[in-house]
Amino acid sequence: MDLLTVSVTARESAGEPYTLVEIAGEADVTNTDELRRLLDEEVAQQPRSLIVDMSGLRFMDSSALHALLRVNRSLDRQGGVLALVSPQAAVAKILRLTTADRLIPVFDSVAEAAAG
Amino acid sequence: MASEGRTARGAPAAHEALARPPIARPSDDEPSPPAAREPTSYPYTTDLASIRAIVQRYAIKAGLSEARAIDLVLAVSEVAANTVRHAKSPGNLQIWYDAHEIVCQLHDEGTITDPLAGQRQPSLEARGGHGLWIVNEVCDQVELRSDETGTTIRLHMNLPPS
């Protein structure tokens, strides 16, 4: 069983397209390269909005956080927006501790994130 | 909280204290300590998920709250991640607890040369360096000893009075 699973779907909210990335399992230094590669592929599509659903993510360490921060910077440069959805307690903790949650908006649901 | 621990019982004491884990030694007039007081060793390479599961189990058994257990799991995972990134050798985790605290000690053959590693908060733009800073933030006390033979980091979490 893979420690981390990532699935990507193209969606639309009120006529606005967005990319939904669902991350589930545990994200740490041993699979950050894979996570970064998958996220980079999506960033390369230049989405206006990239929404990461973290509700299935049980754990995230600082290297996975760096991957998300990098996505945030890249999207920002190309005029896109990154949003995070439903982090579990352990994930919410590292976002809060590093103040990453003040840099990247965090929402309770995909619908809220898509509505901006 | 964490910084108090560092200044009051920081590096100089750590040098002595880190020489060996405090194995519980029952004396004649003391009952035998619970088995968990004996440090248990868990070698690890890249199987950090199992290390996290072990720490989680111990943390709850020792009586840490769920939120503090999350902190300890995060701290141990970050230290073990440094082993994966830098040490090029397997690491070893030891866990023990008594009525007052739970301790996780991680050892590997890597060397940390920065004496202030983890003491300052890196910017969110930084490419790395959050790991040890997080460890210092979430633990009640962190002891670090590193030389050319390896690195030992001991993480202490106070237990709530029962």
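## Basis

The model is predicted: local features need pLDDT of at least 70, side-chain atom pairs count only at pLDDT 80 or more, and totals for chains, interfaces and linings use all residues. Residues are numbered from 1 along each chain as its sequence is written, while chains are lettered from A and ligands numbered from 1 in the order in which they are written.

## Chain B fold

Chain B has five helices and five strands. Both are DSSP runs numbered from the N terminus: helices are H or I with at least four residues, strands are E with at least two. Their order along the sequence is α-α-β-α-α-β-β-α-β-β.

Chain B has 162 residues, and 35% of them count as buried. Buried means 20 or more other C-beta atoms within 10 Å of the residue's own, exposed 12 or fewer, partly exposed in between; C-beta atoms are placed from the backbone. Two residues are in contact if their C-beta atoms, placed from the backbone, lie within 7 Å. Of the chain B contacts with a separation of 6 or more, 66% join residues 24 or more positions apart.

## Interface with chain A

On chain B, 19 residues are in contact with 21 residues of chain A. Helices H3 (48–62), H4 (66–87) and H5 (130–138) of chain B each give two or more residues to this side. H4(B) gives the most, with eight residues.

The chain B side divides into nine nonpolar, five polar and five charged residues. Ala, Val, Leu, Ile, Met, Phe, Trp, Tyr, Cys and Pro count as nonpolar; Asp, Glu, Lys and Arg as charged; the others, Gly among them, as polar.

## A:Leu35

A:Leu35 sits in helix H1 (residues 32–44) of chain A. A:Leu35 counts as buried because it has 21 C-beta neighbours inside 10 Å. Beyond its neighbours within four places in sequence, A:Leu35 is in contact with A:Leu4, A:Val6, A:Ala27, A:Ala64 and A:Ala67. A:Leu4 is 31 residues from A:Leu35 along the chain, with 8.4 Å between their C-alpha atoms.
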